[in-house]
Amino acid sequence: MTMRERFWERFPLEELTNEEWEALCDGCGQCCLLKFQDDEGDLAVLNVACELLDIEGCRCSDYANRFEKVPDCQQLTVERIEEFRWLPKSCAYRRLAEGRKLAGWHPLISGDPERVHRKGISVRSFAVSQSEVPEEELEDHIIAILPIDG
């Protein structure tokens, strides 16, 4: 199946094909950073990436089997998009869900999948793999606290 021309501008998220939905991913890797929610509902974001994230490429190294290998992995679907308020404001899924356009650096706009890295949007320059950080040191890797309201 081929993607429809400029589908992100012409169709609501609910009408995208699976291929089009997947193509919205800009390859930033931010959704693969570990996060912890505290009792007040705030979300701590770490610079530690899921063990499956290929940090250089900012893509899952075993996308097809990610749920079996990482039970906490969250699948972003159009039905659940409201649950993912922690996605960065730069995220294509969030941007489109909020009625905004894709960023100029997005690969669908720029035609350049490396631009997300050059613009500093991706985790390539700062993430470390979960396999390199002992569990007792995870708290030392918090890089942001996001208030997540109910």
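Reader: Start with E19. Buried, partly exposed or exposed?
Author: E19 is partly exposed, because its relative accessible area is 34%. Buried means under 20% relative accessible area, exposed means over 50%, and partly exposed is in between (1.4 Å probe, protein chains only). One caution: this is a predicted model, where local features need pLDDT of at least 70, side-chain atom pairs count only at pLDDT 80 or more, and totals for chains, interfaces and linings use all residues. Residues are numbered from 1 along each chain as its sequence is written, and side-chain values use heavy atoms, with hydrogens and water left out.

Reader: Where does E19 lie?
Author: In helix α2. Helices (H or I, at least four residues) and strands (E, at least two) are DSSP runs, numbered from the N terminus.

Reader: And how far is E19 from C73?
Author: 20 Å in space, C-alpha to C-alpha. In sequence, E19 and C73 are 54 residues apart.

Reader: Rings next. How many aromatic pairs?
Author: Two, from a search of the whole structure. Rings of Phe, Tyr and Trp (its six-membered ring) pair if their centres lie within 6.5 Å; planes under 30 degrees apart count as stacked, over 60 as edge-to-face and the rest as tilted.

Reader: Are F7 and W8 buried or exposed?
Author: F7 is buried, at 1% relative accessible area. W8 is buried too, at 11%.

Reader: What about W21 and Y93?
Author: That pair is tilted, because the ring planes stand at 45 degrees, with the centres 4.6 Å apart. W21 is in helix α2 (residues 18-23) and Y93 in helix α4 (residues 92-97), so the pair ties together parts that are 72 residues apart in sequence. Both W21 and Y93 are buried.

Reader: Which arginine lies over the face of F11?
Author: R4, at 3.7 Å from the ring centre. R66 does likewise over the face of Y63, at 3.6 Å. A charge sits over a ring if NZ of Lys or CZ of Arg is within 6 Å of the ring centre and within 35 degrees of the ring normal.

Reader: Now the largest nonpolar core. How many residues?
Author: It has 21 residues. Those with the most contacts inside it are F7, L13, L16, W21, L24, L76 and Y93. A nonpolar core is a set of buried Ala, Val, Leu, Ile, Met, Phe, Trp, Tyr and Cys residues joined through side-chain atoms within 4.5 Å.

Reader: Which helices supply it?
Author: α1 (7-10), α2 and α4 each give at least two residues. The largest share, three residues, is from α4.

Reader: What does L16 touch?
Author: R4, F7, F11, W21 and L24, not counting residues up to four places away in sequence. Contact means heavy atoms within 4.5 Å.

Reader: And the second core?
Author: It is separate and has eight residues, including V45, L53, I55 and V123.

Reader: Switching to S122. Where is it?
Author: In the loop between α6 (115-118) and β5 (128-129). S122 is buried, at 2% relative accessible area.

Reader: What does its side chain reach?
Author: The side chain of H117, in a polar contact of 2.7 Å. The S122 side chain also reaches the backbone nitrogen of R124 at 3.3 Å. A polar contact is a pair of N or O atoms within 3.5 Å; within protein, one must be able to donate a hydrogen and the other to accept it, and residues adjacent in sequence count only if both atoms are side-chain atoms.

Reader: Last topic. How many salt bridges?
Author: Nine. A salt bridge is a side-chain nitrogen of Lys or Arg within 4 Å of a carboxyl oxygen of Asp or Glu.

Reader: Which ones involve E98?
Author: E98 meets R94 at 2.8 Å, N to O. E98 also meets R100 at 3.0 Å. R94 counts as buried, at 17% relative accessibility, while E98 is partly exposed at 44%.

Reader: And R124?
Author: R124 forms a salt bridge with E114 (2.9 Å, N to O). R124 is in the loop between α6 and β5, and E114 in the loop between α5 (107-110) and α6, ten residues apart. E56, E114 and R124 are linked in a network of salt bridges.
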